[in-house]
Amino acid sequence: MSGNPVGLVGKLATMNVAHRFDQTRESQAIFGEVVWTLTDSVRSTLALRYTQDSIEVSNAPAIVSDANGMPQLSTLPLVVHADASAFLPVIEDDYSDVSGRVILDYTFGAGNMTYMSYSKGYRSGAINGTAYFSEDQLTFVEPENLDAYELWWKSRLLDEVLQINGALFYYDYTDQQTQEIVGITPFLRNAGES
(Lines give C-alpha, C1' and ligand atoms only; values in the text may rest on other atoms or scores of the structure.)
Protein backbone atom coordinates (compact mmCIF):
# COMPACT_ATOMS: atom_id res chain seq x y z
CA MET A 1 0.00 0.00 0.00
CA SER A 2 1.47 3.31 -1.04
CA GLY A 3 1.11 6.65 0.67
CA ASN A 4 0.76 7.53 4.30
CA PRO A 5 -2.88 7.27 5.45
CA VAL A 6 -1.99 8.22 9.04
CA GLY A 7 -0.21 11.35 7.78
CA LEU A 8 -3.19 12.19 5.56
CA VAL A 9 -5.64 11.87 8.45
CA GLY A 10 -3.37 14.05 10.58
CA LYS A 11 -3.24 16.68 7.85
CA LEU A 12 -7.04 16.71 7.46
CA ALA A 13 -7.44 17.04 11.22
CA THR A 14 -5.51 20.31 11.15
CA MET A 15 -7.69 21.88 8.43
CA ASN A 16 -10.19 24.57 9.34
CA VAL A 17 -13.42 25.56 7.59
CA ALA A 18 -14.52 29.15 8.10
CA HIS A 19 -18.04 30.17 7.12
CA ARG A 20 -19.38 33.69 7.34
CA PHE A 21 -22.25 35.74 6.00
CA ASP A 22 -23.91 39.14 6.31
CA GLN A 23 -27.43 39.16 7.71
CA THR A 24 -29.87 42.05 7.44
CA ARG A 25 -33.06 41.84 9.50
CA GLU A 26 -35.94 44.30 9.54
CA SER A 27 -38.87 44.09 11.94
CA GLN A 28 -41.95 46.28 12.16
CA ALA A 29 -44.83 45.92 14.56
CA ILE A 30 -47.97 47.63 15.78
CA PHE A 31 -49.27 46.88 19.26
CA GLY A 32 -52.31 47.81 21.30
CA GLU A 33 -53.73 46.89 24.69
CA VAL A 34 -57.12 47.62 26.26
CA VAL A 35 -58.06 47.07 29.91
CA TRP A 36 -61.74 46.95 30.94
CA THR A 37 -62.82 47.25 34.56
CA LEU A 38 -65.91 45.06 34.58
CA THR A 39 -66.69 45.36 38.30
CA ASP A 40 -64.84 46.60 41.38
CA SER A 41 -63.06 43.25 41.59
CA VAL A 42 -62.93 41.96 37.98
CA ARG A 43 -60.78 43.28 35.14
CA SER A 44 -60.21 42.05 31.60
CA THR A 45 -57.24 42.77 29.32
CA LEU A 46 -56.97 42.31 25.58
CA ALA A 47 -53.70 42.92 23.72
CA LEU A 48 -52.92 42.43 20.02
CA ARG A 49 -49.71 42.76 18.05
CA TYR A 50 -49.07 42.51 14.32
CA THR A 51 -45.43 41.85 13.38
CA GLN A 52 -43.75 41.80 9.98
CA ASP A 53 -40.15 40.56 9.62
CA SER A 54 -37.74 40.23 6.72
CA ILE A 55 -34.31 38.55 6.58
CA GLU A 56 -31.66 38.84 3.88
CA VAL A 57 -28.43 36.84 3.81
CA SER A 58 -25.57 37.88 1.54
CA ASN A 59 -21.78 37.57 1.12
CA ALA A 60 -21.79 33.92 2.20
CA PRO A 61 -18.62 31.89 1.51
CA ALA A 62 -16.98 28.93 3.24
CA ILE A 63 -13.21 28.57 2.90
CA VAL A 64 -10.99 25.64 3.96
CA SER A 65 -7.60 26.68 5.36
CA ASP A 66 -4.59 24.59 6.27
CA ALA A 67 -2.88 24.40 9.67
CA ASN A 68 -1.01 27.63 8.90
CA GLY A 69 -4.24 29.51 8.14
CA MET A 70 -3.58 29.60 4.39
CA PRO A 71 -6.79 29.29 2.28
CA GLN A 72 -6.80 26.09 0.21
CA LEU A 73 -10.34 25.54 -1.12
CA SER A 74 -13.71 27.31 -1.33
CA THR A 75 -16.58 24.96 -0.50
CA LEU A 76 -19.37 27.59 -0.68
CA PRO A 77 -19.58 28.11 -3.55
CA LEU A 78 -17.45 25.13 -4.59
CA VAL A 79 -14.25 26.39 -6.21
CA VAL A 80 -11.19 24.15 -6.58
CA HIS A 81 -8.95 26.90 -5.21
CA ALA A 82 -9.69 29.38 -2.43
CA ASP A 83 -11.53 32.37 -3.88
CA ALA A 84 -12.33 35.10 -1.33
CA SER A 85 -14.44 36.93 -3.91
CA ALA A 86 -16.82 33.98 -4.54
CA PHE A 87 -20.14 34.24 -2.70
CA LEU A 88 -23.45 32.42 -2.78
CA PRO A 89 -26.42 34.30 -4.26
CA VAL A 90 -28.43 36.51 -1.90
CA ILE A 91 -31.29 34.64 -0.18
CA GLU A 92 -34.19 36.26 1.65
CA ASP A 93 -37.52 35.50 3.30
CA ASP A 94 -40.43 37.40 4.89
CA TYR A 95 -42.66 36.51 7.84
CA SER A 96 -45.71 38.04 9.52
CA ASP A 97 -47.92 37.10 12.44
CA VAL A 98 -50.70 38.28 14.72
CA SER A 99 -50.07 37.56 18.40
CA GLY A 100 -51.55 38.78 21.67
CA ARG A 101 -53.09 37.90 24.99
CA VAL A 102 -56.36 37.80 26.92
CA ILE A 103 -56.37 38.13 30.72
CA LEU A 104 -59.18 37.94 33.25
CA ASP A 105 -58.21 38.85 36.83
CA TYR A 106 -60.26 38.80 40.00
CA THR A 107 -59.38 40.51 43.30
CA PHE A 108 -61.08 39.31 46.46
CA GLY A 109 -60.42 40.46 49.97
CA ALA A 110 -57.28 42.28 51.07
CA GLY A 111 -54.25 41.14 49.10
CA ASN A 112 -55.94 38.14 47.44
CA MET A 113 -56.21 37.81 43.69
CA THR A 114 -56.22 35.32 40.86
CA TYR A 115 -56.01 35.54 37.08
CA MET A 116 -56.39 33.37 34.02
CA SER A 117 -54.65 34.18 30.76
CA TYR A 118 -54.12 32.96 27.23
CA SER A 119 -51.17 34.31 25.23
CA LYS A 120 -50.05 33.64 21.69
CA GLY A 121 -46.32 34.23 21.23
CA TYR A 122 -44.31 34.52 18.03
CA ARG A 123 -40.61 34.24 17.20
CA SER A 124 -39.61 35.22 13.69
CA GLY A 125 -38.16 32.78 11.21
CA ALA A 126 -34.37 32.62 11.30
CA ILE A 127 -31.38 31.65 9.18
CA ASN A 128 -29.66 28.34 9.72
CA GLY A 129 -26.22 29.84 9.34
CA THR A 130 -24.12 26.68 9.78
CA ALA A 131 -23.31 25.85 6.17
CA TYR A 132 -19.89 24.46 5.28
CA PHE A 133 -20.17 22.07 2.36
CA SER A 134 -23.45 22.62 0.51
CA GLU A 135 -25.74 25.48 -0.51
CA ASP A 136 -28.62 23.33 0.72
CA GLN A 137 -27.34 23.74 4.29
CA LEU A 138 -27.95 27.52 4.23
CA THR A 139 -31.69 27.59 4.87
CA PHE A 140 -34.38 29.45 6.80
CA VAL A 141 -36.42 27.93 9.60
CA GLU A 142 -40.10 28.72 10.00
CA PRO A 143 -41.38 31.05 12.73
CA GLU A 144 -41.97 29.57 16.15
CA ASN A 145 -45.42 29.97 17.74
CA LEU A 146 -46.45 29.43 21.34
CA ASP A 147 -49.90 29.05 22.87
CA ALA A 148 -49.53 29.72 26.61
CA TYR A 149 -52.27 29.08 29.17
CA GLU A 150 -51.79 30.28 32.77
CA LEU A 151 -53.69 30.25 36.05
CA TRP A 152 -52.08 32.28 38.85
CA TRP A 153 -53.09 33.19 42.38
CA LYS A 154 -51.81 35.24 45.30
CA SER A 155 -53.29 34.99 48.77
CA ARG A 156 -52.61 36.45 52.20
CA LEU A 157 -54.04 34.44 55.07
CA LEU A 158 -54.14 34.50 58.89
CA ASP A 159 -54.30 38.29 59.14
CA GLU A 160 -51.61 38.57 56.44
CA VAL A 161 -49.16 36.43 58.41
CA LEU A 162 -49.09 33.73 55.72
CA GLN A 163 -48.73 34.40 51.97
CA ILE A 164 -49.31 31.65 49.40
CA ASN A 165 -48.66 32.27 45.71
CA GLY A 166 -48.87 29.73 42.93
CA ALA A 167 -49.23 29.22 39.21
CA LEU A 168 -50.27 26.51 36.81
CA PHE A 169 -49.28 26.79 33.18
CA TYR A 170 -49.34 24.84 29.93
CA TYR A 171 -47.19 25.76 26.89
CA ASP A 172 -47.93 24.39 23.42
CA TYR A 173 -45.23 25.10 20.80
CA THR A 174 -45.62 24.85 17.03
CA ASP A 175 -42.46 24.74 14.87
CA GLN A 176 -40.23 25.26 17.91
CA GLN A 177 -36.72 26.33 16.82
CA THR A 178 -34.12 23.92 18.21
CA GLN A 179 -30.46 23.05 17.64
CA GLU A 180 -29.76 19.65 16.09
CA ILE A 181 -26.26 18.15 15.77
CA VAL A 182 -25.68 16.31 12.49
CA GLY A 183 -22.27 14.63 12.61
CA ILE A 184 -20.26 17.43 14.23
CA THR A 185 -22.22 20.30 12.70
CA PRO A 186 -25.03 22.11 14.60
CA PHE A 187 -28.12 23.05 12.57
CA LEU A 188 -31.13 25.15 13.50
CA ARG A 189 -34.31 23.16 12.84
CA ASN A 190 -38.07 23.29 13.43
CA ALA A 191 -39.16 20.63 15.91
CA GLY A 192 -42.84 20.77 15.01
CA GLU A 193 -45.31 20.22 17.86
CA SER A 194 -43.80 20.21 21.36
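Which residues does Thr 51 touch, not counting residues up to four places away in sequence?

1. **Basis of the note.** This is a predicted model, in which local features need pLDDT of at least 70 and side-chain atom pairs count only at pLDDT 80 or more, while totals for chains, interfaces and linings use all residues. Residues are numbered from 1 along each chain as its sequence is written, and side-chain values use heavy atoms, with hydrogens and water left out.

2. **Thr 51.** To take up the opening question, Thr 51 touches Ser 27, Gln 28, Ala 29, Tyr 95, Ser 96, Asp 97 and Tyr 122, once residues up to four places away in sequence are set aside; contact here means heavy atoms within 4.5 Å. Thr 51 has its place in strand 3, strands being DSSP runs of E with at least two residues, and helices runs of H or I with at least four, numbered from the N terminus. Thr 51 counts as buried because its relative accessibility is 5%, where buried means under 20% relative accessible area, exposed over 50%, and partly exposed in between, with a 1.4 Å probe and protein chains only. The side chains of Thr 51 and Arg 49 are joined by a polar contact of 3.1 Å, a term for a pair of N or O atoms within 3.5 Å, of which, within protein, one must be able to donate a hydrogen and the other to accept it, residues adjacent in sequence counting only if both atoms are side-chain atoms.

3. **Pairing of strands 3 and 7.** Strand 3 (residues 42-58) pairs with strand 7 (residues 91-107) in the antiparallel sense over 16 bridges; two strands pair if DSSP finds at least two bridges between them. The bridge partner of Thr 51 in strand 7 is Asp 97.

4. Six strands form an open sheet in the order 2-3-7-8-11-12, with antiparallel pairing. Its edge strands are strand 2 (22-37) and strand 12, each of which pairs on one side only. From one strand to the next the twist averages 10 degrees, with axes taken as lines fitted to C-alpha atoms, for helices over the stretch in contact, and angles running from 0 to 180 degrees between N-to-C directions.

5. **Strand 11 and its partners.** Strand 8 (residues 113-123) and strand 11 run antiparallel and are joined by eleven bridges, with Met 116 standing opposite Leu 151 in strand 11. Strand 11 also pairs with strand 12 (residues 162-174), antiparallel over 13 bridges, and there Asn 145 stands opposite Thr 174. The hairpin of strand 11 and strand 12 has four residues between the strands, and within this hairpin Leu 158 takes a positive phi near 55 degrees.

6. **Ser 155.** Ser 155 lies in strand 11 (residues 144-157) and is buried, with a relative accessible area of 13%. Beyond its neighbours within four places in sequence, Ser 155 is in contact with Gly 111, Asn 112, Leu 162, Gln 163, Ile 164 and Asn 165.

7. **Positive phi in loops.** Asn 59, although not a glycine, has a positive phi of about 50 degrees; Asn 59 is found in the loop between strand 3 and strand 4 (62-65) and is partly exposed at 35% relative accessibility. Asp 175, in the loop between strand 12 and strand 13 (177-182), has a positive phi near 55 degrees and is partly exposed, with a relative accessible area of 26%.
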